[in-house]
Amino acid sequence: MLKITPYLGPSVLIVSIAGLWYPMLGYFMLLVMGTLFISSIFRGRWFCGNLCPRGSYFDYGIIKISKKRKIPKVLSSMWVRIPVFSLMMAFMLYRISVTIAAQNTIELIGMIFVSICLVTTVIGTMLGGYFNTRSWCNFCPMGTMQRFIGGKKYQLKMDHESCIDCKKCEKVCPMELKVRDIGNNPDCIKCGRCIEICPKDSLSF
Ligand code: SF4
Ligand code: SF4
């Protein structure tokens with residue numbers, strides 16, 4: 001986690017709400033997409049745990065109202081992730097393609113990004129409030145894309161010799177991963193919480 005990570009969350013609300021009046025704010029989503037695409041080539045889902053405004057919104061905002069129930073495993077299955085990814089991409093490309101011929105194209109495309117941001121924020125807020133905070137991150141199309149691009153990069157390493165099996169690492173993992181069997185899990189968001197809490201320094205990148 002970076003020093004800036006806790007302060008990124010409000011930008012999600014600014015784009016989702018103020019964007020309805022100022023559609024140009026939607027282009028912030030393009031900046032986010034471009035950055036995560038590049039970082040995923042080298043560090044997999046590192047962006048999700050360090051620079052994602054929505055992730056920060058969940059970790060430092062939604063955590064205050066979350067019931068913290070276990071995230072249903074089905075949300076991270078490819079049966080959910082591939083259709084969600086395909087639907088979002090198809091919706092975005094279709095809406096952009098029918099907008100290109102219109103007047104005010106730049107503003108209308110900005111509004112497409114704003115509407116996507118708003119809808120996904122509402123879904124993520126509801127899931128994060130009812131289940132654990134990072135429920136949305138289990139099937140987020142951008143997380144799925146990073147997983148496919150660089151899921152094997154920058155993996156968490158575990159020293160089984162020094163581990164005392166206290167399971168503190170698994171209690172703090174926002175993705176509810178089995179940290180002690182982390183292997184090459186491509187859905188680790190590299191937040192580093194498990195490393196910070198481990199009393200035996202058994203975990204590292
Ligand atoms: S395994 Fe560790 S670094 Fe990866 S998501 Fe869980 S807590 Fe964060
Ligand atoms: S916190 Fe460290 S010592 Fe405890 S189970 Fe996790 S890796 Fe092992």
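**Reading the model**

A: Start with one residue. Setting aside neighbours within four places in sequence, Leu 127 touches Asn 132, Ser 135 and Phe 139. Keep in mind that this is a predicted model.

Q: Which element holds Leu 127?
A: Leu 127 sits in helix H6, which covers residues 105–130.

Q: Is Leu 127 buried or exposed?
A: Buried means under 20% relative accessible area. Leu 127 has 18% relative accessibility, so it counts as buried.

Q: How far apart are Leu 127 and Thr 144, in sequence and in space?
A: Separation in sequence and distance in space are read as two numbers. For Leu 127 and Thr 144 they are 17 residues and 18 Å, C-alpha to C-alpha.

Q: Now the whole fold. How many helices and strands are there in the protein?
A: The protein has nine helices and two strands. From the N terminus, the order is α-α-α-α-α-α-α-β-α-α-β. The radius of gyration is 18 Å, close to the 17 Å of the globule rule for 205 residues, so the protein is as compact as a globular protein of that length.

Q: What box do the C-alpha atoms fill?
A: Take the principal axes. Along them, the box is roughly 65 × 35 × 30 Å.

Q: What share of the residues is buried?
A: Buried residues are 48% of the 205 in the protein. For the surface, look at area and atom type.

Q: What share of the contacts comes from residues 24 or more positions apart?
A: Count the contacts with a separation of 6 or more. Residues 24 or more positions apart account for 77% of them.

Q: Which domains is the protein divided into?
A: Domain 1 spans 5–150, and domain 2 spans 157–204. For a domain pair, check centres and contacts. The C-alpha centres of the two domains lie 26 Å apart. In domain 1, 18 residues are in contact with ten residues of domain 2.

Q: How many residues of helix H4 are buried?
A: Read a helix residue by residue. Helix H4 runs over residues 53–60, and seven of its eight residues are buried. Among them are Arg 54, Tyr 57, Phe 58 and Asp 59.

Q: What covers the buried residues of H4?
A: The cover includes helix H1 (10–18), helix H2 (27–43), helix H3 (46–50), H6 and helix H9 (193–197). H6 is also the helix where Leu 127 has its place.

Q: Next, the ligands. Which residues are around ligand 1?
A: List the shell, then sort it by class. The shell includes Leu 156, Pro 174, Phe 205 and the cysteines Cys 173, Cys 188, Cys 191 and Cys 194. By class, it has ten nonpolar, one polar and one charged residues.

Q: Which residues come nearest to ligand 2?
A: There are 13 residues around ligand 2, and Cys 163, Cys 166, Lys 167, Cys 169 and Cys 198 come nearest. The shell divides into eight nonpolar, one polar and four charged residues.

Q: Take Cys 191 from the ligand 1 shell. Where does Cys 191 lie?
A: Cys 191 is in the loop between helix H8 (168–172) and H9. Its relative accessibility is 9%, so Cys 191 counts as buried.

Q: What is Cys 191 in contact with?
A: Again, leave aside neighbours within four places in sequence. Cys 191 then contacts Met 1, Gly 49 and Pro 174. Pro 174 is also one of the residues around ligand 1.

Notes. Residues numbered from 1 in each chain as written. Chains lettered and ligands numbered in written order. Predicted model: local features only at pLDDT ≥ 70, side-chain atom pairs only at ≥ 80, totals over all residues. Heavy atoms only, no water. Near = heavy atom within 4 Å. Nonpolar A, V, L, I, M, F, W, Y, C, P; charged D, E, K, R; others polar. Helix = DSSP H or I, 4+ residues; strand = E, 2+ residues; numbered from the N terminus. Rg over C-alpha atoms; globule rule 2.2 N^0.38 Å. Buried < 20%, exposed > 50% of the residue type's maximum accessible area, 1.4 Å probe, protein only. Contact = heavy atoms within 4.5 Å. Domains from an automatic or database assignment.
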